[in-house]
Amino acid sequence: MIRVQTEDFDVGLEIQQLRLAQPNIGAVVSFVGQVRDMNEGDAITELTLEHYPGMTEKALEAIATQAKTRWDIADILIIHRIGQLKPQDQIVLVIASSAHRGEAFKACEFVMDYLKSEAPFWKKEVMTSGESRWVEAKHTDEDAKHRWQHHKN
Amino acid sequence: MHMNIKLFYFARLKETLKYSTEELALPTEISTILQLKAFLAKRGDVWGEMLMSKLKVRAAINHELVDDKATISDGDEVAFFPPVTGG
């Protein structure tokens with residue numbers, strides 16, 4: 001399931017819903033991303049997330065489908081927030097459920113690595129000086145994605 | 001035969017070009033993303049800098065990421081944007 005929203009989310013509630021949805025689940029793995037208060041050596045006071053409505057949902061859906069094809073996964077939930085955020089706000093949630101933990105761990109990491117380099121979101125940050133700037137994409141995110149293309153599992 | 005497409009710009013591109021979306025009738029000789037970028041770059045300094053300089057620009061056709069060689073068809077939704085930074 002994919003949700004792109006301005007509102008915050010309740011991690012505990014989301015985990016419980018996925019966990020109780022199917023009795024054959026033995027493992028639920030989650031990742032929560034939060035807004036950092038520093039970037040490139042500057043203190044950050046605010047972050048705005050822009051996205052490409054329509055494409056975002058499709059890209060996230062495609063990533064979740066890939067993960068489900070690759071591993072034995074019961075369900076995947078991706079929630080990504082948009083709009084204005086502050087340091088320590090939750091920004092992204094990925095939950096993968098499976099019969100066994102190994103598959104769920106891998107699927108969760110895979111989804112985050114692909115989301116980082118394929119889902120059309122852009123961050124703009126405001127520094128303490130009041131100036132704002134677009135966050136630059138990192139090579140390490142692209143490398144993290146490529147890692148999965150060389151491994152079978 | 002002219003091709004009509006819908007264009008979208010995002011993030012730094014949208015801000016610098018001062019365009020978020022436009023409808024465009026493409027001259028017949030333009031059929032790929034690279035040709036479209038070169039065509040738009042002729043609009044002026046900022047357009048050339050944003051679309052044809054060493055700055056990285058990614059493109060999507062009908063919500064799918066594509067490379068410079070991808071072919072555009074009549075009625076397509078084309079988007080240009082910087083490398084993504086979500087998560």
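Visitor: In chain A, among contacts between residues at least 6 apart in sequence, what percentage join residues at least 24 apart?

Guide: First the idea: a contact means heavy atoms within 4.5 Å. In chain A, taking contacts between residues at least 6 apart in sequence, 78% join residues at least 24 apart. For chain B, counted between residues at least 6 apart, 52% join residues at least 24 apart. Please keep in mind that this is a predicted model, where local features need pLDDT of at least 70 and side-chain atom pairs count only at pLDDT 80 or more, while totals for chains, interfaces and linings use all residues. Residues are numbered from 1 along each chain as its sequence is written, chains are lettered from A and ligands numbered from 1 in the order in which they are written, and side-chain values use heavy atoms, with hydrogens and water left out.

Visitor: Thanks! How many helices and strands does chain A have?

Guide: Helices (H or I, at least four residues) and strands (E, at least two) are DSSP runs, numbered from the N terminus. Chain A has four helices and nine strands, and along the sequence they follow the pattern β-α-β-β-β-α-β-β-β-α-β-β-α. The radius of gyration of chain A is 16 Å, close to the 15 Å that the globule rule gives for 153 residues, so chain A is as compact as a globular protein of that length. That radius is taken over C-alpha atoms, and the globule rule is 2.2 Å times the number of residues to the power 0.38. Along its principal axes, the C-alpha trace of chain A spans about 50 × 35 × 30 Å.

Visitor: And which pattern does chain B follow along the sequence?

Guide: Chain B follows β-α-β-α-α-β-β-β, which comes to three helices and five strands. Its radius of gyration is 12 Å, in agreement with the value near 12 Å for a compact globule with 87 residues. The C-alpha trace of chain B spans about 40 × 30 × 20 Å along its principal axes.

Visitor: What percentage of the residues of chain A count as buried?

Guide: Buried means under 20% relative accessible area, exposed over 50%, and partly exposed in between (1.4 Å probe, protein chains only). Of the 153 residues of chain A, 44% count as buried, and of the 87 residues of chain B, 48% do.

Visitor: Could you show me single residues? Is A:Glu14 buried or exposed?

Guide: A:Glu14 counts as buried, at 7% relative accessibility. This residue is found in helix α1 (residues 11-21) of chain A. Not counting residues up to four places away in sequence, A:Glu14 touches A:Arg3, A:Leu77, A:Ile79, A:Leu93 and A:Ile95. Another one to look at is A:Phe110, in helix α3 (residues 101-118) of chain A. A:Phe110 counts as buried at 1% relative accessibility. Leaving aside neighbours within four places in sequence, its contacts include A:Ile63, A:Arg70 and A:Trp148. A:Phe110 and A:Ala64 are 46 residues apart in sequence, and their C-alpha atoms are 9.1 Å apart in space.

Visitor: Now backbone angles. Where does B:Lys18 lie?

Guide: B:Lys18 lies in the loop between α1 (11-17) and β2 (21-26) of chain B. Its phi is positive, about 60 degrees, although B:Lys18 is not a glycine. B:Lys18 is exposed, with a relative accessible area of 72%. B:His63 also deserves a look: phi is near 75 degrees, a positive value in a residue other than glycine. B:His63 sits in the loop between β3 (58-61) and β4 (64-66) of chain B, and at 16% relative accessibility B:His63 counts as buried.

Visitor: Last topic: how many residues of chain A are in contact with chain B?

Guide: There are 25 residues of chain A in contact with 21 residues of chain B. Buried area is the accessible area (1.4 Å probe) that two parts lose on being put together, summed over both. Chain A and chain B bury about 2000 Å² between them, with 55% of it on carbon and sulfur atoms. A:Tyr52, A:Trp122 and A:Trp134 supply 33% of the area that chain A buries against chain B, more than any other three residues.
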